[in-house]
Amino acid sequence: MGAICGCLQPDSAMNRPEAQSITDQQSSTQEVGLSAGAGNSNSAKKNLSRRNTSNKGMTRLSMKFPHIRYSFKECKKVFDACCGDDRQSITKSEVKPLLVQLGANATQLTDDEISRIVKIANLDGDDVINFKEFLIAAAVGCFLNEAITDENVNEQSAEFKKLRKGFVVAEQAFHHIDEDKSGVIDFEELKHAFSTMKSDNLINERLKELDFNGDKSIEFPEFVWGITAWVGMDPDGDDLELSMTDFDDENTQKNVGDALSPKHRLSIDGSPNPNNPTDDGDGGGDGDE
């Protein structure tokens, strides 16, 4: 696939410099006598630091996956209402009114813009738009459209902002995994993001879920298409509930299912966060950001 999501800019939180490991300062004697060994040690520490940073970042993002699930479920209600009981897809002409129903600005959805949206969303190139393709259309044509900025999003309705949040989390996850900011995710980047997985076979399974056209690279529309399986919203296959099965983090496991927003948050070092609510719902003032 060609580059088709240039209008989507990396979230500022996802664009911070990589964390570097802190190493002891070496004396001049050490620099002369142990330069080779120190270099190897520092390199190993940096690699370990990058893995740990990536793990924590992806774990924090996975805790926000319920936002994605909520947004996708609400989009499915609109999609299913249009399809009725006898259809599993919509026509291309039905994309615009459904996007407007979700909150898109009708005046911005010109014929040329709708053609652009449909071309991006219609991954299989047929004459109809299925649910996962509709999610792509909702992402690029509505909630993540370049016309929606942090400044003017407050002009939108509360429900629009709530729905948009799930798509923003999906975009953040994509940009987090795309370490070199090339606009595509490759196997090594996916492997780095999910280094807690036990084998490359599991990484390959995640890659297959996302890589629609089988070219070993994942662009954002494919990511939206495939992440439905990660959040339990894939109508075409088995839902994986990725945040339950692929992360061994206790905090993550407390934020899956039908929760509309994360309840528990990780502290920086992984230790218990005193601001988290208790299991019976009391306490906690950290919000759902």
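Select F223 to begin. Leaving aside neighbours within four places in sequence, F223 is in contact (heavy atoms within 4.5 Å) with A170, A173, F174, I177, I185, L210, I218 and W230. F223 is buried, with a relative accessible area of 0%; buried means under 20% relative accessible area, exposed over 50%, and partly exposed in between, with a 1.4 Å probe and protein chains only.

A word on the model before going on. This is a predicted model, in which local features need pLDDT of at least 70 and side-chain atom pairs count only at pLDDT 80 or more, while totals for chains, interfaces and linings use all residues. Residues are numbered from 1 along each chain as its sequence is written, and side-chain values use heavy atoms, with hydrogens and water left out.

Now show the largest nonpolar core, which has 64 residues. Such a core is a set of buried Ala, Val, Leu, Ile, Met, Phe, Trp, Tyr and Cys residues joined through side-chain atoms within 4.5 Å. L99, L102 and F223 have the most contacts inside this core. Its largest share, 10 residues, comes from helix α6 (residues 131-143). Helices (H or I, at least four residues) and strands (E, at least two) are DSSP runs, numbered from the N terminus.

Next come the aromatic rings. The whole structure holds 10 aromatic pairs. Rings of Phe, Tyr and Trp (its six-membered ring) pair if their centres lie within 6.5 Å; planes under 30 degrees apart count as stacked, over 60 as edge-to-face and the rest as tilted.

Select F174 and F220, an edge-to-face pair at 5.5 Å centre to centre, with 80 degrees between the planes. F174 lies in helix α7 (residues 158-177) and F220 in helix α10 (residues 220-230), so the pair ties together parts that are 46 residues apart in sequence. Both F174 and F220 are buried.

W230 is buried, with a relative accessible area of 0%.

Two lysines are the next stop. The charged end of K132 sits over the ring of W225, 4.1 Å from its centre. K76 lies over the face of F131, at 5.5 Å from the ring centre. A charge sits over a ring if NZ of Lys or CZ of Arg is within 6 Å of the ring centre and within 35 degrees of the ring normal.

Finish at K96, in helix α4 (residues 95-102). Is K96 buried or partly exposed? K96 is partly exposed, with a relative accessible area of 31%.
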